[in-house]
Amino acid sequence: MRLLMTICQKYLADRRYCVTQLLEELIVKYLPDELSERKKIYDEETAELSHLTKNVPIFVCTMAYPTVPCPLHVFEPRYRLMIRRSIQTGTKQFGMCVSDTQNSFADYGCMLQIRNVHFLPDGRSVVDTVGGKRFRVLKRGMKDGYCTADIEYLEDVKIENGDEIQSLRELHDLVYSQACSWFQNLRDRFRSQILQHFGSMPEREENLQATPNGPAWCWWLLAVLPVDPRYQLSVLSMKSLEERLTKIQHILTYFSRDQSK
């Protein structure tokens, strides 16, 4: 019995399922209507999740940010189902939002891209994800126990004026230097923990408006700064890089003042 349990656990953990030919033939012959209905449901789910703006699966847990790693320990049955569907459809994506007492989850979130999944014998999994697009929630829903949402993606509004671009560059360089100084002045223990969990701070980028979410270091810094999630959420929702940099500057000024005491 113990040997059988070990084999079953390994089978479930590996997730290498093969079709049983005899069973498949019996289902096709004796349960054609049920098979057709199940295939229809599966096709609808696949089309639904592949669209990635309608009925997007939402993991209600923590803050997530573009380009920043977000490792997850998935143990609730509803989220295990959600992760499995995301993998099966090929999108390997789902939305992440923090909880909200009035609306179940916040109005803004970040898509997560699944990079790797390690399934455990008891059904739990360790999911390695990284942040992708930011989004705003338009409509909330529910599917098989987990939340869903209709969403629209957010992009920074680009500026074209030469003087404004120069002013933005100066603000960016100032805040970047301030961020580096704050990080280097952290205690060794805190700095090591951050590096282990989030990796190194991204390098300064030459083209500040090259991506829809702006420089990656801003999101890395926002993820490691110990500020209230509501404040982080307000920065996540911004479509102005200048406003985001100004907010981050205010946070750094506050924490740098504490470091100097």
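Residues are called buried when their relative accessible area is under 20%, exposed when it is over 50%, and partly exposed in between, as judged with a 1.4 Å probe and the protein chains only. By this scale Asp144 is partly exposed, with a relative accessible area of 48%. The structure is a predicted model, in which local features need pLDDT of at least 70 and side-chain atom pairs count only at pLDDT 80 or more, while totals for chains, interfaces and linings use all residues. Residues are numbered from 1 along each chain as its sequence is written, and side-chain values use heavy atoms, with hydrogens and water left out.

Helices (H or I, at least four residues) and strands (E, at least two) are taken as DSSP runs and numbered from the N terminus. Asp144 is found in the loop between β7 and β8 (146-153), and this residue has a positive phi of about 50 degrees although it is not a glycine. A positive phi, of about 70 degrees, is also found at Thr67, likewise not a glycine. Thr67 belongs to the loop between β1 (56-60) and β2 (72-74) and counts as partly exposed, at 46% relative accessibility.

The interior was examined in terms of nonpolar cores, a core being a set of buried Ala, Val, Leu, Ile, Met, Phe, Trp, Tyr and Cys residues joined through side-chain atoms within 4.5 Å. The largest such core has 36 residues, of which Trp182, Trp217 and Leu221 touch the most other members. At least two residues of this core are supplied by each of α5 (162-184), α6 (188-198), α7 (216-224), α8 (229-236) and α9 (241-259), and the largest share, eight residues, comes from α7. Nine of the nine residues of α7 are buried, so this helix is largely enclosed by the rest of the structure. Among the buried residues of α7 are Trp217, Trp219, Trp220 and Leu221, and Cys218 of the helix is buried at 1% relative accessibility. With contact taken as heavy atoms within 4.5 Å, and leaving aside neighbours within four places in sequence, Leu221 is in contact with Ala179, Trp182, Ile248 and Leu252.

A second, separate core of 18 residues includes Cys70, Leu81, Val117 and Val127. Cys70 is also one of the residues touched by Leu112, whose contacts, not counting residues up to four places away in sequence, include Ala64, Leu72, Phe94, Met96, Thr129 and Val130. Leu112 lies in strand β6 and is buried, with a relative accessible area of 0%. From C-alpha to C-alpha, Leu112 and Met96 are 6.7 Å apart in space, although they are 16 residues apart in sequence.

A disulfide is a covalent bond between the sulfur atoms of two cysteines, identified here as a pair of cysteine sulfur atoms within 2.5 Å. A search of the whole structure finds zero disulfides. Cys110 is thus without such a bond, and the nearest cysteine sulfur, that of Cys70, is 8.5 Å away. Cys110 counts as buried, at 0% relative accessibility.

Charged side chains were considered next. A salt bridge is defined as a side-chain nitrogen of Lys or Arg within 4 Å of a carboxyl oxygen of Asp or Glu, and by this rule the count comes to twelve salt bridges. One of them joins the side chains of Asp107 and Arg140, at 2.7 Å from N to O. Asp107 lies in the loop between β5 (104-105) and β6 (108-119) and Arg140 in strand β7 (residues 125-143), so the pair ties together parts that are 33 residues apart in sequence. Asp107 is partly exposed at 37% relative accessibility, and Arg140 is partly exposed at 31%. Asp122 forms a salt bridge with Arg124, with the closest N and O atoms 2.7 Å apart. In helix α5, Arg169 and Asp173 lie four residues apart, about one turn of the helix, and they form a salt bridge whose closest N and O atoms are 3.4 Å apart. Of this pair, Arg169 counts as buried at 18% relative accessibility, whereas Asp173 counts as partly exposed at 25%. Salt bridges that share partners also join Arg134, Asp156 and Arg244 into one network.
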